[in-house]
Amino acid sequence: MERVTTSPTKARIIKVSGPLVVAEGMVKAKMYDMVRVGRMGLIGEIIEIKEDRASIQVYEETSGLGPGEPVETTLAPLSVELGPGLMSGIYDGIQRPLDIIRDKTGSYITRGITLPAVNRKKKWDFIPLVKEGDEVRTGDILGTVQETPLVIHKVLVPSGIEGEIRVIKKGRFTVTQTIAKVRTSSPPAPRLRRAGGIKEIRMLQKWPVRRERMVQKKLPPEIPLVTGQRVIDTFFPVAKGGTACIPGPFGSGKTVILHAIAAWADAQIIVYIGCGERGNEMTDVLLEFPKLKDPKTGRPLIERTIMIANTSNMPVAAREASIYTGITIAEYYRDMGYNVAVMADSTSRWAEALREISGRLEEMPGEEGYPAYLGTRVAEFYERAGRVVCQGTKNREGTLTVMGAVSPPGGDLSDPVVQATLRTVKVFWALEDRLAYMRHFPAINWLNSYSLYLDNVEAYLGKEIANDWMKLRNIAMAILQEEDSLQEIVRLVGKEALSPREQLVVETAKSIREDYLMQDAFHEIDVYAPLAKQYRMLKVILELHHSSEHALEKGVFLEKLLTLKIKEKIDRMKYIEEKNIREFDSIEKEIKREIEGLTK
Amino acid sequence: MVKEYLTISHIAGPLILVEETSGIKYGEIAEIELATKEVRRGKVLEITADKALVQLFEGTTGLNVYQSRVRFLGKGIELGVSMDLLGRIFDGLGRPIDGGPKIIPEKRIDINGNPINPTARDYPTEFIQTGISAIDGMNTLVRGQKLPIFSGAGLPHPQIAAQIARQARVLGKEEKFAVVFAAMGITFEEANYFITDFRRTGAIERAVLFVNLADDPAIERIATPRLALTCAEYLAFEKDMHVLVILTDMTNYANALREISAARKEVPGRRGYPGYMYTDLSTIYERAGRIKGKKGSITQIPILTMPEDDKTHPIPDLTGYITEGQIILSRPLHRRGVYPPIDVLPSLSRLKEKGVGKDKTREDHGDVTNQLFACYARGKEAKELAIILGEAALTELDKIYAKLSDKFEEEFVAQGGDENRSIEETLDLGWKLLTMIPTSDLKRIRDEYIKKYLKQSNQ
Ligand SMILES: Nc1ncnc2c1ncn2[C@@H]1O[C@H](COP(=O)(O)OP(=O)(O)OP(=O)(O)O)[C@@H](O)[C@H]1O
Ligand SMILES: [Mg+2]
């Protein structure tokens, strides 16, 4: 059927309700197109179309907007800019650079500002890796740029381009200058025909945020993401390319853990999405990360970090977009062959934004007012994680690990967002307020949490750290589980009911909890424990346990074993620096000596 | 010329629908003139074509469809600011109620404010000494923090808030200080307690009060905290003052929000509160903080009463998810006569890590806090065990811990309503308690501090 096309200037607002605006006369509108709303030119996105009426979620505060004001479609979907210059940046939910906005408009965020996300003026030293005449295809590396001292930015052949390099340049260029020309070999796409099949390539590229970036194939994750957090790495590891969630009530430590992982995890690129949380938490990252040093290179961690900050009081629709903005940027670096980690704090706030918009669209509400498609959206988001073979001839591997905080009302795990998340993610770090009140941090419950990557990473850990890594882990876990049932007995009939061996188990479990699981994120040394140190610590605790067990069998009194002198050293072994790892040798020796002294 | 409409078609709860309008903007303010010439104010909540939905701050009682006139003013609610605000008392919509002269504003500011750019924030690190050990020692408040008091009906939160307002200071500094107080739906008596206390101590001179009482229009409460914070922002970021904002009672604010949501027939969230309550509350709480390059600061102490003392009720729950910690009051402690009845275990100050330690409070502060937390928690656990199994079931060590936890409540937490403890006094008190347990059990304190401070308090 032929439609009457009216000129786009006819599109006008007919309704304003918070972040939702309805416009009529939107004949050219496509779903998820970006639009400019009202005289202020506020940025919005089409999320529903009924005949010529489009519902638009507006990414900026809408007060002052009224019916009759014009709406302009850009005919392009909401996209992010990709290219050198992203690193160390801080952006809002739709990738507007907050630091530059501040330079322009001062301390408060005002409306109607559009600024390019990637600096157009800065020149980068482009070093080509291909020569004229080379055949390239999508995903191949054309050349590199030292984006920050920590990150080499690889300039890739953009999506849909394949052919022969006609021109490749070397030298200093801005992101909008042409660095290569490719003669497309395959029958050129219709829109390229006019350029005679020659495609000019610039460093600046765009990608629609709601579309996953393509890969050749996905592989099962096998290598752990080492976070330096003992409870995670030892007991509930997440693999590079895996997914994890961390639900918990307020104040239980979600943000502290995600910050610690962002700082210390052995990923090459970090994208931190502050999605509807506190302003000061973003400031904290901004101020701390330039000071924290990468353990390997000694460079400031900010040089590998990108931040998306759409705090709770910033426009709610942009919060909805923020996780897509973040993950698209992350995919872009993954495509270069990097190990990228994304953290989203908190996905509940994202879901609430979704709920608010859905409510204003008057959609049929599902559970707790969330839209029925909540589960699908959550799954789609986490599905963008993975260990992949990137596009391109070289079969590069890249990984994208996604970790999300979830903030259920009252800490209640039956919350729809928690449930939808648990259906998709493979690692569950269960925070518990009871532990937080006792200042047992990280307040991750060791009995309820799980990781489905244990089998995946076993081989790697066995090879890289120690053969018996998984064995030690399982023994420690068994002790913790036994303690749980023994504590039940203690609560009912008192400690006397336990046999000496059982009392020893309780004692060892206490040591595992306090000397191993507890880790102070604010202590300069304890904040990060390398795998080698984790292994030695766990080994010490279990060695003491086993030798004590033997001693018990030989008739040594339990009291003697509970008051060994070496315990004081074990209490403090978390503060041993990595470079002094030999100290563990002497602790082990002392354990032996002291216990032998008792059994003689 | 401002157009007048006589076209109200619906009145429901606090909402009216005005038809055949043109040029109306979302969020703008409306004046509704009743047949009696009384003028009320409202705000545009939604516009569909020529229909504007308006929420009336003073309610719709006495309003009728045919005789009421509506004027749209083309701007949001504004507060006229000037230094003359100090020492004055206003109603919940910012009109003077103290009999003083009208304020001649230096300028007018939209009360909704704009979000602070995260890159413009400066991290709060300056220790505020409140003189209350349970706060200073265990859940330290810092300048620019938002730290609410979670209270319950009948608990002494007004006394605690007033004591903080009276005693709060930053060590070693004399600076311009102000208190902005916003009352939402509290009783005359409670409001009067604050006003009297501010008068008694002379604090009223540098205080600004916005008062919406229990019998004042409920919807007005939506505007009250925003007026207060607009005033605070002016004093802090334009006049370099350190402003302490007390908002009480946020529970009444949230209930007003629920009332509007219900009148709009929105899909209710938990317990009938709207799904956007988190976002709405954040636009209040996130207005605390410090800004780079500005001398002043806004520290917020919102007070809320937890319905049925339930921390998981949506109001405390969503507040806790936004604020930087919480001070929780406990009814059992209150019953035992402990003032202030602060339950330190579930209380939390998230900004304390950067506000304590060497050059701020004292080097041993962090360790002492952690150790006291651990000991107190263990003592309480032991006491619970004793309730089930009897005192005899406890080991000697557990008995000591149980005793320590009692002492902690009686000597450390409890203090006088006018007692202003220095941070040294608070920490020394902590060390004194820690002498009760064997040194080998002080796992959370660095050896050097044990050597330095434990001996001292032994002497
Ligand atoms: N690993 C840790 N080491 C020391 N302290 C910790 C640790 N984790 C959490 N804490 C303490 O708990 C407080 C709350 O942690 P955090 O801000 O991460 O909670 P959250 O779960 O993100 O809460 P919300 O949902 O409200 O954002 C911190 O400010 C800190 O005092
Ligand atoms: Mg958090």
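Predicted model: local features only at pLDDT ≥ 70, side-chain atom pairs only at ≥ 80, totals over all residues.
Who takes part? Chain A brings 77 residues to the contact, and chain B brings 71 residues. Here are the counts the rules give across the interface:

| Feature between chain A and chain B | Count |
|---|---|
| Salt bridges | 7 salt bridges |
| Polar contacts (both residues at pLDDT 80 or more) | 32 residue pairs |

On the side of chain A that touches chain B, helix 4 (residues 279-288) of chain A supplies the largest share, with 8 residues. That side of chain A splits into 27 nonpolar, 23 polar and 27 charged residues.

Strand 1 (residues 12-17) of chain A pairs with strand 5 (residues 39-48) of chain B in the antiparallel sense, over 2 bridges. In strand 5 of chain B, B:T48 is the residue that stands opposite A:K15.

Now for a stop within chain A. A:Q205 lies in strand 17 (residues 205-208) of chain A. Is A:Q205 buried or exposed? With a relative accessible area of 11%, A:Q205 falls under the 20% cut-off, so A:Q205 counts as buried. A polar atom of the A:Q205 side chain lies 3.0 Å from the backbone oxygen of A:L156. Beyond its neighbours within four places in sequence, A:Q205 is in contact with residues including A:V80, A:E81, A:P158 and A:Y332.

Definitions and conventions:
Residues numbered from 1 in each chain as written. Chains lettered and ligands numbered in written order. Heavy atoms only, no water. Contact = heavy atoms within 4.5 Å. Salt bridge = Lys/Arg side-chain N within 4 Å of Asp/Glu carboxyl O. Polar contact = N/O pair within 3.5 Å; in protein donor to acceptor, adjacent residues only side chain to side chain. Helix = DSSP H or I, 4+ residues; strand = E, 2+ residues; numbered from the N terminus. Nonpolar A, V, L, I, M, F, W, Y, C, P; charged D, E, K, R; others polar. Pairing = 2+ DSSP bridges. Buried < 20%, exposed > 50% of the residue type's maximum accessible area, 1.4 Å probe, protein only.
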